[in-house]
Amino acid sequence: MGRGRVQLKRIENKISRQVTFSKRRTGLLKKAHEISILCDAEVALIVFSTKGKLFEYSTDSSMESILERYERYSSAERQVANDSGQQGNLSLECPKLMARIEILQRSLRNFAGEDLDPMSLRELQHLEQQIDNGLKRVRARKNQLYHESLSELQKKDKALHEQNSMLSKQLKQNEKSMAEHANWEQRNLGQNPTYFMPPPMLSLPPLTTGSTLQTREFMNEKEEAKAQIQLNTMQMPPWMLRHVNE
């Protein structure tokens, strides 16, 4: 009788499962060694038991070099697959994007009030609702900007009022200081009056050639008259001189 075919399913008996694992592991390692020698192939075998115990086999080259080679190969394969997949995706996405662009352009024309003939009543109502919602958002944003501008102007007005009040206080303080200074000077002048009279102006004859000559002639005539009086006085008798002197 030949051996029956083993059914490939999990062995429920723990002991049988452990025995089968040991036998199959040994056979697997033997087959890996045989294929590496017969075919001159690089083989790396890694097996973890149920309990997490590691069993490994590699050819003359180290396990690390084989794993690095596998990583490079798998990375290149994944890159090629991704590139081919991207190209296939791009070829599929291009018509979708073109159709999407056409839909968006038609929507923009509809929002501008163009190409409305092909639209049904329901589509027109939906478009009207979208435009109303957009107008509400625009008005809300506009009102927000108005309120912000009004608040900014109120802040500036308040700052100007405060500055005006401060300047008014400073002006009143300056006027008060000037009034106190004027009162102080007035009190000091009342206690020690001092009047500064301007010096009398001397009346001088005009410095002209004609007036100088007239003055000299007048002086000469006066001296001549005085000399004539003295001469007449000397010629008069004594009794007349007494009357003249009186």
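Predicted model: local features only at pLDDT ≥ 70, side-chain atom pairs only at ≥ 80, totals over all residues.

**Entry 1: a salt bridge and its network**

I started with Arg109 and Asp115, whose side chains meet in a salt bridge at 2.5 Å, N to O. My cut-off for a salt bridge is a side-chain nitrogen of Lys or Arg within 4 Å of a carboxyl oxygen of Asp or Glu. I number residues from 1 along each chain as its sequence is written, and my side-chain values use heavy atoms, with hydrogens and water left out.

Next I checked how open the two partners are. Arg109 is partly exposed, with a relative accessible area of 26%, and Asp115 is partly exposed at 41%. I call a residue buried under 20% relative accessible area, exposed over 50% and partly exposed in between (1.4 Å probe, protein chains only).

Asp115 sits in the loop between H2 and helix H3 (121-191).

**Entry 2: the overall layout**

I then stepped back to the whole protein. Its secondary structure comes to five helices and two strands, and from the N terminus on the elements run α-β-β-α-α-α-α. I take these from DSSP runs, with helices as H or I of at least four residues and strands as E of at least two, numbered from the N terminus.

How much of the protein is buried? Of its 246 residues, 7% count as buried. The protein exposes about 23200 Å², and carbon and sulfur atoms supply 58% of that. My accessible areas come from the Shrake-Rupley method with a 1.4 Å probe, and for residues only the protein chains shown count as cover.

I looked at contacts too, meaning heavy atoms within 4.5 Å. Among contacts with a separation of 6 or more, residues 24 or more positions apart account for 14%.

**Entry 3: the other salt bridges**

The structure holds four salt bridges. One of them joins Arg69 and Glu42, with the closest N and O atoms 3.1 Å apart. Arg69 lies in helix H2 and Glu42 in the loop between helix H1 (14-38) and S1, so this pair ties together parts that are 27 residues apart in sequence. Glu42 is partly exposed, at 45% relative accessibility.

Glu12 and Arg10 form another, where the closest N and O atoms are 3.4 Å apart. Both Glu12 and Arg10 are exposed.

**Entry 4: around the strands**

Which residues does Thr59 touch, leaving aside its neighbours within four places in sequence? I found Ser36, Ala41, Glu42, Val43 and Ile66. Thr59 lies in the loop between strand S2 (54-58) and helix H2 (63-111) and counts as buried because its relative accessibility is 14%.

Ser58 is found in strand S2 and is partly exposed, at 24% relative accessibility.

In the loop between H1 and S1 I found Asp40. Asp40 has a positive phi of about 55° although it is not a glycine, and at 71% relative accessibility Asp40 counts as exposed.

**Entry 5: rings and nonpolar surface**

Arg25 lies over the face of Phe55, at 4.2 Å from the ring centre. For this I ask that NZ of Lys or CZ of Arg be within 6 Å of the ring centre and within 35 degrees of the ring normal.

Last, I noted a nonpolar surface patch of about 380 Å² made by Ile46, Phe48, Leu54 and Leu67. Patches are made of residues with over 30% relative accessible area and no salt bridge; like charges are joined within 9 Å and nonpolar side chains (Val, Leu, Ile, Met, Phe, Trp, Tyr) within 5 Å. Phe48 is found in strand S1 (residues 44-48) and is exposed, with a relative accessible area of 54%.
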